[in-house]
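Visitor: I have a model open and would like to learn how to read it, feature by feature. Where do we start?

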Amino acid sequence: MAAIRAESIATEKLGIFVEKNPPESKLTQLGVRNWPKWGCAPSKFPWTYSAKETCYLLEGKVKVYPDGSEEGVEIEAGDFIVFPKGMSCTWDVSVAVDKHYQFE
């Protein structure tokens with residue numbers, strides 16, 4: 001019987017980098033579980049990144065709409081995400097978020 005392994009898939013869309021199912025070794029190497037945590041209930045709000053943010057979603061589902069784009073980027077629990085400094089967007093949170101984050 002073959003072992004089944006979840007593959008890590010990384011994409012960049014509308015300037016947002018998303019890696020699905022990053023290996024635990026990467027999260028450990030970066031110290032992600034020691035980063036501060038932030039969460040919010042389902043809501044919709046504008047946000048501008050004054051610094052590059054790297055985060056890892058523990059829970060939740062969000063569609064992020066960069067300003068000027070009708071298209072959104074879906075992120076969910078288990079995703080490792082990088083938002084660029086200076087990006088303005090709207091967060092549309094459909095499932096409450098709990099995440100580790102770090103600003104650079």
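Guide: Let's start with burial: a residue counts as buried when its relative accessible area is under 20%, as exposed when it is over 50%, and as partly exposed in between. Keep in mind that this is a predicted model. Now try Glu 19, which lies in strand 2. Its relative accessibility is 7%, so Glu 19 counts as buried.

Visitor: Which residues is Glu 19 in contact with, leaving aside its neighbours within four places in sequence?

Guide: Those are Ser 8, Ile 9, Ala 10, Lys 26, Gly 78, Asp 79 and Phe 80. Look at Lys 26 in that list: the two side chains meet in a salt bridge, with N to O at 2.5 Å. Lys 26 itself is partly exposed, at 25% relative accessible area.

Visitor: How do I judge a salt bridge, and how many are there by this rule?

Guide: You look for a side-chain nitrogen of Lys or Arg within 4 Å of a carboxyl oxygen of Asp or Glu. The count comes to nine. Take Asp 79 and Lys 20, whose side chains meet at 2.9 Å, N to O. Asp 79 sits in strand 7 and Lys 20 in strand 2, so this pair ties together parts that are 59 residues apart in sequence.

Visitor: Is Asp 79 buried or exposed?

Guide: Buried, with a relative accessible area of 2%. Lys 20, on the other hand, is partly exposed at 30%. There's also a network here: salt bridges that share partners join Lys 20, Glu 76 and Asp 79.

Visitor: What about Glu 104, which residue does it form a salt bridge with?

Guide: With Lys 52, the closest N and O atoms being 3.6 Å apart. Glu 104 lies in the segment after strand 8, while Lys 52 is in the loop between strand 4 (43–48) and strand 5, so the pair ties together parts that are 52 residues apart in sequence. Glu 104 is exposed at 57%, and Lys 52 is partly exposed at 33%.

Visitor: On to the nonpolar core. Which residues touch the most other members of the largest one?

Guide: The idea is to follow buried nonpolar residues joined through side-chain atoms within 4.5 Å. The largest core here has 18 residues, and Ile 16, Val 64, Ile 75, Ile 81, Phe 83 and Trp 91 touch the most other members. Strand 2 (16–20), strand 5 (53–66), strand 6 (73–76), strand 7 (79–83) and strand 8 (88–103) each give two or more residues to this core. A second, separate core has six residues, including Leu 27, Val 32, Phe 80 and Val 82.

Visitor: Where does Lys 99 lie?

Guide: In strand 8, and at 4% relative accessibility Lys 99 counts as buried. Its side chain is joined to that of Glu 53 by a polar contact of 2.6 Å. Beyond residues up to four places away, Lys 99 touches Pro 36, Trp 38, Tyr 56 and Trp 91, among others.

Visitor: Which residues does the UniProt domain annotation cover?

Guide: The unreviewed UniProt entry annotates residues 28–101 as "(S)-ureidoglycine aminohydrolase cupin". Over that range the chain is 4% helix and 64% strand, and the end C-alpha atoms are 14 Å apart.

Notes. Residues are numbered from 1 along each chain as its sequence is written. This is a predicted model: local features need pLDDT of at least 70, side-chain atom pairs count only at pLDDT 80 or more; totals for chains, interfaces and linings use all residues. Side-chain values use heavy atoms; hydrogens and water are left out. Buried means under 20% relative accessible area, exposed over 50%, partly exposed in between (1.4 Å probe, protein chains only). UniProt positions are given in the numbering used here, feature names are shortened, and annotations may be inferred rather than shown by experiment. A polar contact is a pair of N or O atoms within 3.5 Å; within protein, one must be able to donate a hydrogen and the other to accept it, and residues adjacent in sequence count only if both atoms are side-chain atoms. Contact means heavy atoms within 4.5 Å.
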